[in-house]
Amino acid sequence: MAHFFSTPIVFSSAILLRIVLLLYGLFQDAHSSLPYTDIDYFVFTDAARYVSRGRSPYQRETYRYTPLLAWLLLPTAWPGAAWGWDENGTRFEVRKYLVAEPHGCNYQYEGSSEGLLGVMVVALVWAVTKRRIVLAGVLLGLAVHFKIYPFIYGVSIVWYLETPSPETKKTGMSLIERSLTFANRSRVVLAVSALATFMALNAVMYAVYSTPFLTHTYLHHLTRIDHRHNFSPYNTLLHLSSASPATTSGWRFESLAFLPQLAISAGLIPIVLAKKDLPSTMMAQTFAFVAFNKVVTSQYFLWYIVLLPFYLPNSSLLSRPPLGITAAVLWVASQAVYLQRAYALEFLGQSTFVPGLWLSSLVFFAVNIWILGIVIDDIGGMRSFQPVLAKQKASK
């Protein structure tokens, strides 16, 4: 078994899997009414073509991302960069981002960009645990610019970067002394480097693309209404809201849905767990962020799947196989029930909103909350990293 997980075997298996998915994607796109290539891929490459012609990527309808992504995909707009066939205006092009994980590999070949963000997040974990603080700040700023949600990791990382000192007695310290103790060098360097990177990238993009950059990349998500292929319990409400005329007064629920989401993922979880195990806490944060998001698509699952290897080895999901198998079966089965109802709605034209689609989304949400509880219990039972580090420093 150890030989199977050797580097040559893992990379060879990953390459082989990608070849299989590449060929299967070609076949399904050509013969199935349900295409394998995701619509996002065509959004990305169309935006890249606009950029290659000196125009804004936001001229491509539904492009809601940083222009960096369109810039990175500029080679797909070069003559001769694509291969395959042209039929009814459809072009297939080689995907270029590789991540060694089957779920991520599947979305990579569907045309998702989530694998690239996954690389940034894993690199961020490495930089923080190796105490490369400036690099960690740059990666955090880049990741948040690329897609907003990684900002939640900033809370965990800041909380994690405590200066361990067993001699320090916080009892009797003044508020100013506590503040100075909290604002240690690592925390200040992380904050400055992350903010500088984020603001510099935004300044460049705003200088080039002006207000549409801010509107489509950031502000759009405050009032986003996506009710199709949305696993969230909010999906039916979003559908009803999309049919209602927009109001200029008062707050609509889609603008407030992020409050419980952020309270849990960016507040409670990092403060309680970050000093126990940072990578596992980041996984728990992401899992909670996705579960409570008002829009939940299958691509979002990759956000926490890339962090699973940090959590699973010491988890009860592996140490107690019946629990792990039950969790996996329920997670997959609850998705399958929802997808069956969604397929009937979107492809067969059947009205399955209530009770089928709505109830299945509630079941999937309940399964996710149960799994999140297991994850939080596991991390909470881990030995805190900080006292161990303090003892190591004291012994030197």
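This is a predicted model: local features need pLDDT of at least 70, side-chain atom pairs count only at pLDDT 80 or more; totals for chains, interfaces and linings use all residues.
User: What share of the protein chain counts as buried?

Analyst: Buried means under 20% relative accessible area, exposed over 50%, and partly exposed in between (1.4 Å probe, protein chains only). The protein chain has 396 residues. Of these, the buried share is 45%.

User: How many helices and strands does the protein chain have?

Analyst: Both are DSSP runs numbered from the N terminus: helices are H or I with at least four residues, strands are E with at least two. The protein chain has 20 helices, and its strands number two.

User: Which residues touch the most other members of the largest nonpolar core?

Analyst: A nonpolar core is a set of buried Ala, Val, Leu, Ile, Met, Phe, Trp, Tyr and Cys residues joined through side-chain atoms within 4.5 Å. The largest one here holds 83 residues. Its members with the most such neighbours are Tyr63, Leu124, Tyr153 and Phe301.

User: What does Tyr63 contact beyond four places in sequence?

Analyst: Contact means heavy atoms within 4.5 Å. Neighbours within four places in sequence are left aside. The partners of Tyr63 are then Val43, Phe44, Ala47, Pro57, Tyr58, Leu69, Ala70 and His216.

User: Tyr58 and Tyr209 form an aromatic pair; what is its geometry?

Analyst: Rings of Phe, Tyr and Trp (its six-membered ring) pair if their centres lie within 6.5 Å; planes under 30 degrees apart count as stacked, over 60 as edge-to-face and the rest as tilted. The structure holds 23 aromatic pairs. In this one the ring centres are 6.2 Å apart and the planes stand at 85 degrees, so the pair is edge-to-face.

User: How many residues apart in sequence are the parts that this pair ties together?

Analyst: Tyr58 lies in the loop between helix 2 (39-52) and helix 3 (67-72). It counts as buried at 10% relative accessibility. Tyr209 also counts as buried, at 11%. Tyr209 lies in helix 9 (residues 185-209), so the separation in sequence is 151 residues.

User: Are Trp159 and Phe182 buried or partly exposed?

Analyst: Trp159 and Phe182 form a tilted aromatic pair, 6.2 Å centre to centre with 45 degrees between the planes. Trp159 lies in helix 7 (residues 152-160) and Phe182 in helix 8 (residues 175-182), so the pair ties together parts that are 23 residues apart in sequence. Trp159 has 27% relative accessibility. With Phe182 at 37%, each one counts as partly exposed.

User: Which charged residue sits over the ring of Trp159?

Analyst: A charge sits over a ring if NZ of Lys or CZ of Arg is within 6 Å of the ring centre and within 35 degrees of the ring normal. Over Trp159, 4.3 Å from the ring centre, is the charged end of Lys275.

User: What is the salt-bridge partner of Lys275?

Analyst: A salt bridge is a side-chain nitrogen of Lys or Arg within 4 Å of a carboxyl oxygen of Asp or Glu. The whole structure has four. For Lys275, the closest N and O atoms are 3.2 Å apart, and the partner is Glu162.

User: Which residues form a network of salt bridges?

Analyst: Arg60 bridges to Asp46, with the closest N and O atoms 3.1 Å apart. Arg60 lies in the loop between helix 2 and helix 3 and Asp46 in helix 2, so the pair ties together parts that are 14 residues apart in sequence. The linked residues are Asp46, Arg49 and Arg60.

User: How far apart are the C-alpha atoms of Val290 and Asn368?

Analyst: Val290 is found in helix 14. At 2% relative accessibility, Val290 counts as buried. Asn368 is 78 residues away along the chain. The C-alpha separation is 9.5 Å.

Methods
Residues are numbered from 1 along each chain as its sequence is written. Side-chain values use heavy atoms; hydrogens and water are left out.
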